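Reader: I have a model open and want to learn how to read it. Where do we start?

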Amino acid sequence: MTTTATPIDQQRLMDFVFKAVGDFGALLTGSMVVIGDKLGLYRAMAGAGPLTSAQLADRTGTAERYVREWLCAQAAAGYVEVDGEDRFSLPAEHAIALTDESSPACVVGGFELMLAAVRSTDRLVTAFRTGNGVGWHEHHPDLFSGCERFFRPGYAAHLISTWIPALDGVEAKLRKGGRVADVGCGHGASTVLMAQAFPQSTFVGTDYHSGSIEAAQQRAAEAGVGARTRFDTGRAKDLAGTFDLICLFDCLHDMGDPAGACAHLRENLAPGGTLLIVEPFAGDRVTDNLNPVGAVYYGASTLLCTPNSLSQEHGAALGAQAGEARLREVVTGAGFSSFKRVAETPFNLVFEARP
């Protein structure tokens, strides 16, 4: 048998090589951003105008030689600008994305989250071979703080102003005084936002990671809503009580048995109660998601979401790009008669489900 070698398009080859080199830089830039965030370099540059490396090092109590190389790397990546006198500045727009955690444009927490995820590469190589899962609790501690910082700006921008008002009758219930459960609450960012917005209501947050529950309790106390919030360590199927609203923020696809979890939560809803599901934005087909957002979500799903699901009972492994049709199948299969998309952002799909 003879085979004919596939002709190589040299231009296509070199285009891909340069794309890969660009990805090298992107991977390294993630580390540069986390360093800049942890050392306060971006905050010191915000609004300061052009600075030399010595001036920035003096402002932040860091070593000038390290700062100089970091600034050059950031300039090459397009994160900071440099003039002809080797003075570096942080554009105002970049400063918002890298320092203003009240803005929905803030991305700095995402770098912390993603860098923590890639630190588990060796563990994932083993998991690929064995098929075993890797739980969220097995990752680097920055995963949990990074996750909060990544999601909180979006929740702050949309949860109270758009998502809850889109739910039929829910906002009125919470203003009068309702009971809310936030399942998979992490550090409690979403729980605290709701408690601040609806002072007549009470809130229960749950998460299987005990360290996150401790952080959530602290966040609630600092926000002055500790008296109306309670945080318990447990999974979705451990939730007890009756609630007017049960929320699943970016966590349903992480569960080993999402259908079983939804079936249990349906029993926890008061008459007329609502299940709010927020999931990563995704189309129903792989080809719908071949874009920068999809690349991030598929990558994070490979390192975090799918392994976490596989570490639990059933291991359904929906993945972060499950899409609306698959989510509908899971939720209606759990006994909910109504499932509809009520809102979306470039990064989120928001669903209302009712028994």
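Reader: In which loop is D250 found?

Author: D250 is found in the loop between β6 (243-249) and α12 (258-267). Helices (H or I, at least four residues) and strands (E, at least two) are DSSP runs, numbered from the N terminus. This is a predicted model: local features need pLDDT of at least 70, side-chain atom pairs count only at pLDDT 80 or more, and totals for chains, interfaces and linings use all residues. Residues are numbered from 1 along each chain as its sequence is written, and side-chain values use heavy atoms, with hydrogens and water left out.

Reader: What is the phi of D250?

Author: Most residues other than glycine have a negative phi. D250 is not a glycine, yet its phi is positive, about 50°. D86 also has a positive phi, near 55°. D86 lies in the loop between β1 (81-82) and β2 (88-89).

Reader: Which counts as buried or exposed, D250 or D86?

Author: Buried means under 20% relative accessible area, exposed over 50%, partly exposed in between (1.4 Å probe, protein chains only). D250 has 9% relative accessibility, so D250 is buried. D86 has 54%, so D86 is exposed.

Reader: How do α6 and α8 cross?

Author: Two packed helices are described by the angle and the distance between their axes. Axes are lines fitted to C-alpha atoms, for helices over the stretch in contact, and angles run from 0 to 180 degrees between N-to-C directions. The axes of α6 (residues 108-118) and α8 (residues 142-163) come within 7 Å and cross at roughly 150°. The two helices are therefore roughly antiparallel (angles over 145 degrees; under 35 is roughly parallel, 65 to 115 roughly perpendicular, the rest oblique).
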